[in-house]
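Welcome! Here is a friendly walk through a structure that may be new to you.

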Amino acid sequence: MEIKILKTTTLKEKPELDALGFGVHFTDHMFVMDYTEGIGWHDATIMPYGPIELMPSAMVLHYAQEVFEGMKAYKTPNGETQLFRPQENFKRMNRSNERMCIPQIDEAFVLEALRTLVKLDEGWIPESPGTSLYIRPFVFATDPFIGVRVSKTYKFLIIMSPVGSYYKNGMAPERIYVENQYARTVRGGTGEAKCGGNYAGGLAAQQKVSTKGFEQILWLDGVERKFIEEVGTSNVFFLIDDVFVTPSLSGTILPGITRKSVIELLKHWGKTVDERRITIDELYEAYQQGRIKEAFATGTAAVISPIGALGWQDIEMTFNNGEIGQYAQKIYDTLYGMQTGHVEDALNWIVKL
C-alpha cells in the first residue's frame, strides 16, 4: 500500500515554547487510513490536520470500540530526529486491537507511515530541555450502526502535538492515595488493553483523591482489593531492600513500554527485578520495617515519577524522606538521555529518522 501525501497549503503558526502545555497544539499534518471488511486497510494518506467526518451513529460513540497509543519524537544535540522503541508501541497496539476485536495493523507499514509523517512535520519538534513531539496513533469503529456487534469498518489515525517539559518546576515526588472504592479493571476485563474506557472509568477516583490533597491514585485489584496494580495511568516500582518489585502482568495491568525498558535497564545494570503480585499489607509491613528505599511510577509522559508519600486508610507512608530516590533519578537521566541523544543507546532502542 502506498502512502498518498496531500500537503497543507497554509502552515500554522507554531506556539511559543512556554505555551506548549501537553496535548494542546497539533502539527500541520496527520496520517489517516481506513479499513473495510473484505478489503482490509486502504487509502493510506497524509493530509492536513483537521476535522474528520463521522456519522452520529458511528459505533465508537456508542460502544467504545477503540484503542490508542502514545510515544514521542525527540531532537538530539546534533539536530537528528529519533524515536524511542516505536516497534514496541505498535506491537502493543495490535495486542489491544485483538482484545477489542479490531483488525490487526501492519506494524512495519504504520511505522514507515509514522516516519514519513514525522519527517514532514519535523519543524514542530521543540528542542528545549524536557520538550518533545508527542505522537498519538489511534483506531476506532466507524460503522453507522446502533447495535452491539463488531464493527465492519474502522479508521486509523496518527496525530502529533509538541509538548512542554513534564517537570516545569523540577522532578518533585508525588503524593499518592490508595483507592479503595473504585476499581480500574478486573481479570478478564480490558485492563491490559490501551483503550479509552479504562481512562474514563478512572476519572471519578481521580477527582476524589484530589480533594484529599493527593496527586494520583494507587489502584488495587478489583476483586480482593489488596493486590497493588498501577499508579493512575502508570506502572509502579518499589525498591524493597535491594530488589526492585513491580506488579506482574496478569491481564489487568497495562504492559507499559517504559515499564519494560526500566526492567531491562535495571537488569542491564545487574540489579534484581521481581515481577510478582504484592499486597498493600505486605508493602506497609516492609515500610514499618524500614525496608522500602524508594518508589516511583513509569510512563511515556513523565518517564519516571518519584513517589514521595502514599496515603492508605488513615496512614501516610513517606518514602526516602519525600525526596527523589537515587535510582529514580538515575533511571530518568539514562532513559531521557537515550531518547534525546545525550546518553549512549547501549540497548539498541533508538530509531533514527
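Where is Ile-125 found? Ile-125 lies in the loop between helix H3 (107-120) and strand E7 (132-141). Helices (H or I, at least four residues) and strands (E, at least two) are DSSP runs, numbered from the N terminus.

Before going on, a word on the model: it is predicted, so local features need pLDDT of at least 70 and side-chain atom pairs count only at pLDDT 80 or more, while totals for chains, interfaces and linings use all residues. Residues are numbered from 1 along each chain as its sequence is written, and side-chain values use heavy atoms, with hydrogens and water left out.

Ile-125 counts as buried because its relative accessibility is 4%; buried means under 20% relative accessible area, exposed over 50%, and partly exposed in between (1.4 Å probe, protein chains only). Not counting residues up to four places away in sequence, Ile-125 touches Ala-73, Tyr-74, Lys-75, Thr-81, Val-118 and Leu-133, where contact means heavy atoms within 4.5 Å. The C-alpha atoms of Ile-125 and Phe-22 are separated by 13 Å, and these residues are 103 apart along the chain.

**Rings**

Rings of Phe, Tyr and Trp (its six-membered ring) pair if their centres lie within 6.5 Å; planes under 30 degrees apart count as stacked, over 60 as edge-to-face and the rest as tilted. By this rule there are 19 aromatic pairs. One of them is the tilted pair of Tyr-177 and Phe-214, with 5.1 Å centre to centre and 55° between the planes. This pair links distant parts of the chain, 37 residues apart: Tyr-177 is in strand E9 (residues 174-178), and Phe-214 is in the loop between helix H5 (203-210) and strand E10 (216-220). Both Tyr-177 and Phe-214 are buried. Elsewhere, ring pairs link Phe-31, Tyr-35, Trp-41, Phe-109, Tyr-154 and Phe-156 into a cluster.

The charged end of Arg-175 sits over the ring of Phe-214, 4.3 Å from its centre, and that of Lys-330 sits over the ring of Trp-269, 4.2 Å from its centre. A charge sits over a ring if NZ of Lys or CZ of Arg is within 6 Å of the ring centre and within 35 degrees of the ring normal.

**Helix pairs**

The table shows two packed helix pairs. Axes are lines fitted to C-alpha atoms, for helices over the stretch in contact, and angles run from 0 to 180 degrees between N-to-C directions.

| Helices | Angle | Axes apart |
|---|---|---|
| H6 (residues 257-268) and H8 (residues 326-340) | about 110° | 11 Å |
| H2 (residues 86-99) and H3 | about 130° | 10 Å |

Angles under 35 degrees count as roughly parallel, over 145 as roughly antiparallel, 65 to 115 as roughly perpendicular and the rest as oblique. H6 and H8 are therefore roughly perpendicular to each other, and H2 and H3 are therefore oblique. Residues of H6 that meet H8 include Val-262 and Leu-265, and their partners in H8 include Ile-331 and Leu-335. Between H2 and H3, the meeting residues include Phe-90 in H2 and Leu-111 in H3.

**Backbone**

Most residues other than glycine have a negative phi. Gln-313, in the loop between strand E16 (303-312) and strand E17 (315-318), has a positive phi near 55°. Asn-320 has a positive phi of about 50° and is found in the loop between E17 and H8. Asn-320 is partly exposed, because its relative accessible area is 29%.
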